[in-house]
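Good morning, and thank you for making time for this item.

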Amino acid sequence: MKPDGPGRPTTLLAELTHRCPLHCPYCSNPLAMVGAAGELATGEWKRVFAEARELGVLQLGLSGGEPLARADLEELAAHAHALGFYTTLVTSGVGLTRARAEALRDSGLEHIQISIQDAEDGEADRIAGARAAHLKQAAAALVRELGFAFSLNAVLHRANLDRIGPIIELAAALGADRLELANTQYYGWALANRNSLLPTAAQVEAAATVADEARRRYRGRMQILYVLPDYYERYPKPCYGGWGHTYIVVAPEGRALPCHGATHIDWMRFDSVRDRSLEWIWTESPAFQAFRGDAWMPEPCRSCPRKADDFGGCRCQAFALTGNAANPDPVCTLTPLRAIVDRAVEEASAPPPPYRYRVLDPTAGPAG
């Protein structure tokens with residue numbers, strides 16, 4: 001078991017904005033999103049980056065929403081490079097023109113990750129709620145041409161899981177070094193759309209076979225990461241190596257979080273980098289200390305030898321499914337709460353309803 005002390009974080013995910021040209025039904029942004037007027041300014045983000053580096057953070061993700069919506073993205077990337085971060089741009093690819101791609105390369109940005117929704121353009125656009133597939137493919141060509149390390153991320157769910165094979169082949173054709181086949185995590189917008197997104201057991205079994213074969217076939221040419229969706233696992237996955245152990249997310253308005261889903265735990269107060277230093281938040285804030293170690297764990301988690309592997313599972317998922325973030329993750333088959341997940345899986349056999357698309361009100365102020 002990791003010690004109760006916080007150690008040093010390794011990764012910072014800077015959610016620069018919630019603004020985005022897409023309207024994906026599995027969006028991980030909170031239901032109440034932050035408008036442009038509430039976002040941290042350029043100087044504030046630079047200070048956060050410097051404080052993170054002093055804490056020992058090595059890896060920086062520039063994310064959103066769509067980070068290309070920020071006019072200062074290149075300036076922020078250059079500042080991160082000067083501080084010594086290995087920096088990844090996490091983007092839809094929409095808005096990645098040649099001029100911006102070249103400016104980002106010149107700023108020292110090393111790695112770009114582009115999201116794709118499907119292998120078929122029409123289906124990809126339907127899932128994204130926007131005509132974007134052709135823009136993503138053009139962005140991918142630029143990324144390869146300009147020599148960035150290049151990853152693709154495909155969020156998997158009921159509507160596209162049957163096409164996991166073509167998705168893998170598209171990634172190879174686009175020249176990806178790495179493909180993340182990321183099954184949907186069900187909180188926020190994804191939980192609101194779970195009946196539309198949760199795949200059937202037959203889909204999951206077939207997709208796992210395709211992914212295993214592709215990993216063997218592309219070994220040494222393209223790294224393929226694929227894990228089963230949580231609801232079809234026996235035990236929960238470790239949440240970022242444990243709550244508040246290695247990972248920090250800073251939301252667009254400045255709240256610092258132990259993971260990108262933590263805002264869904266609506267009773268927790270997350271301190272802002274506008275009010276506190278990142279070091280104080282990491283070491284002293286009640287939110288980051290809340291689920292470190294095992295003193296908070298109920299039974300059967302506290303007595304379970306698996307607590308050293310999964311740290312009790314996902315706190316955001318426990319809250320989303322039970323209303324109590326301190327409960328065992330209901331994915332775990334060692335707890336009676338597993339019945340909640342089993343019922344959801346049974347319901348996945350019914351015909352799916354239409355998606356509810358996430359839409360950001362551009363006039364919205366900061367989330368609470």
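Two residues are said to be in contact here when heavy atoms of theirs lie within 4.5 Å. Please bear in mind throughout that this is a predicted model.

With that definition in place, let us turn to G95. Leaving out residues up to four places away in sequence, G95 touches L68 and R100. G95 sits in the loop that runs between β3 (86–91) and α3 (98–107). Its relative accessible area is 39%, and G95 is therefore partly exposed, given that this class lies between 20% and 50%. As for distance, G95 and A256 are separated by 161 residues in sequence and by 27 Å in space, C-alpha to C-alpha.

Two further residues may be set beside that one. S115 belongs to strand β4. With a relative accessible area of 19%, S115 counts as buried, because the cut-off for that class is under 20%. The contacts of S115, again without residues up to four places away in sequence, are T91, S92, K136 and N153.

A139 is placed in helix α5 (residues 133–145). A139 is buried, and its relative accessible area is 1%. Neighbours within four places in sequence aside, A139 makes contact with G93, L96 and I114.

Which residues of helix α6 are buried? In α6, which spans residues 164–173, they are I164, I167, I168, L170 and A171. Why do these residues fall on the same side of α6? They cover an arc of only 160° around the axis, and so they share one side of the helix. The cover over the buried residues of α6 includes strands β4 (111–116), β5 (149–156), β6 (178–183) and β7 (223–226), together with helix α9 (201–217). Just after α6 comes G175, with a positive phi of about 85°.

Helix α13, residues 315–322, is the second case. Six of its eight residues are buried, so α13 is largely enclosed by the rest of the structure. Those buried residues are R315, C316, Q317, A318, F319 and L321. Among the elements covering them are α7 (189–192), α8 (194–197) and α14 (338–347). Just after α13, G323 adopts a positive phi of about 80°.

Let me close with the chain as a whole. Its secondary structure amounts to 14 helices and nine strands. The radius of gyration is 20 Å, close to the 21 Å that the globule rule gives for 368 residues, so the chain is as compact as a globular protein of that length. Along the principal axes, the C-alpha atoms fill a box of roughly 55 × 45 × 45 Å. Of the 368 residues, 55% count as buried. Of the contacts between residues at least 6 apart in sequence, 75% join residues at least 24 apart.

Surface and charge remain. The accessible surface of the chain is about 14800 Å², and 54% of this belongs to carbon and sulfur atoms. The chain carries 38 positive and 43 negative side chains, and the centres of these two sets are 1 Å apart. Thank you; I welcome your comments.

Notes. Residues are numbered from 1 along each chain as its sequence is written. This is a predicted model: local features need pLDDT of at least 70, side-chain atom pairs count only at pLDDT 80 or more; totals for chains, interfaces and linings use all residues. Side-chain values use heavy atoms; hydrogens and water are left out. Buried means under 20% relative accessible area, exposed over 50%, partly exposed in between (1.4 Å probe, protein chains only). Helices (H or I, at least four residues) and strands (E, at least two) are DSSP runs, numbered from the N terminus. The arc is that of the directions from the helix axis to the C-beta atoms. The radius of gyration is taken over C-alpha atoms; the globule rule is 2.2 Å times the number of residues to the power 0.38. Accessible areas come from the Shrake-Rupley method with a 1.4 Å probe; for residues, only the protein chains shown count as cover. Lys and Arg count as positive and Asp and Glu as negative; His and the chain ends are not counted. The place of a charge is taken as NZ of Lys, CZ of Arg, CG of Asp or CD of Glu.
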